[in-house]
Amino acid sequence: MCSRIEMEGPVYNTRDLGGYTVKDGRTIRHCRLLRSGALGKCTESDIRQLTEEYGLKTVVDLRTNGEKTELPDPEIKGVEFIHNPLLSDAMLGITREGQEQADSLSAMILELLKEAENHPKENMEEIYLALVSDDFSVTGLKHFFDILLAQKEGAVLWHCSAGKDRVGTATALLLTALGVEREVIIRDYLLTNGYLEPETEAMVAKVAAKVQNERILNGIRILNGAERSYIESMFAETERQCGSTEAYLRERLGLTDEKTDMLREMYLE
């Protein structure tokens, strides 16, 4: 079981993947693979925790150019920052991540639900399909694995905005490559809902003070949540393309058997 990294700042979805057991009985090393939401609101104490306790050496920012500009990551001495977007600004569509520039939170939600044509869940699934099928996203995923394979020591942390969709997809594919069982991967993905609940309910309360519409309030929870159907649709798309997710990793992301062995040697014990 991975462990949540409690942060002082409003960074709710940071975790160490260390501790998960894979199919051959080995476990993921601690303080090597960290997933998170955006780091822009980290406090100095949070940064010390990541660098001193977890040995952070590399941060991979999966956000778009617009998101990165809106909330830049903090500069951390001795840490390399790599910008590796998995969605372009145009592709981001209805995901809640990256919509901070809207005039107001309620206006943002109304616009998102309008774009989603009152079907936010189906539109979110489309984002997950795009993440493993669009050429831009596939190139980003390939680079993500290249970065992991180049990480000789210390921890690598990857983040998007909420640590939910893009991080969820990249993490699910990584855990598959490492040999973690599918159901464990899905449970890891769904942990996001508990971790983001305070943020989600604060958002709901803020909008509810201005807009009394249950459809909109429920839409917020959908857009800021992780649904089993989202990640299952992603896996199904990799299987549709290549027959299995493992074959997808080889054929679309270039993760050869040699690279897979190297990845497991680096991150398992």
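Q: What makes Tyr128 and Tyr189 buried or exposed in this predicted model?
A: Both Tyr128 and Tyr189 are buried, where buried means under 20% relative accessible area, exposed over 50% and partly exposed in between (1.4 Å probe, protein chains only). The model is predicted, so local features need pLDDT of at least 70, side-chain atom pairs count only at pLDDT 80 or more, and totals for chains, interfaces and linings use all residues. Residues are numbered from 1 along each chain as its sequence is written, and side-chain values use heavy atoms, leaving out hydrogens and water.

Q: Why are Phe144 and Trp158 called an edge-to-face pair?
A: Rings of Phe, Tyr and Trp (its six-membered ring) pair if their centres lie within 6.5 Å; planes under 30 degrees apart count as stacked, over 60 as edge-to-face and the rest as tilted. Phe144 and Trp158 have ring centres 5.3 Å apart and planes at 70 degrees, so the pair is edge-to-face.

Q: How do you know that Phe144 is buried?
A: Its relative accessible area is 0%, so Phe144 falls under the 20% limit. Trp158 is buried too, with a relative accessible area of 0%.

Q: What makes Arg182 a charge over the ring of Phe235?
A: A charge sits over a ring if NZ of Lys or CZ of Arg is within 6 Å of the ring centre and within 35 degrees of the ring normal. Arg182 lies over the face of Phe235, at 3.7 Å from the ring centre.

Q: Which residues do ring pairs link into a cluster?
A: Ring pairs link Tyr128, Tyr189 and Tyr230.
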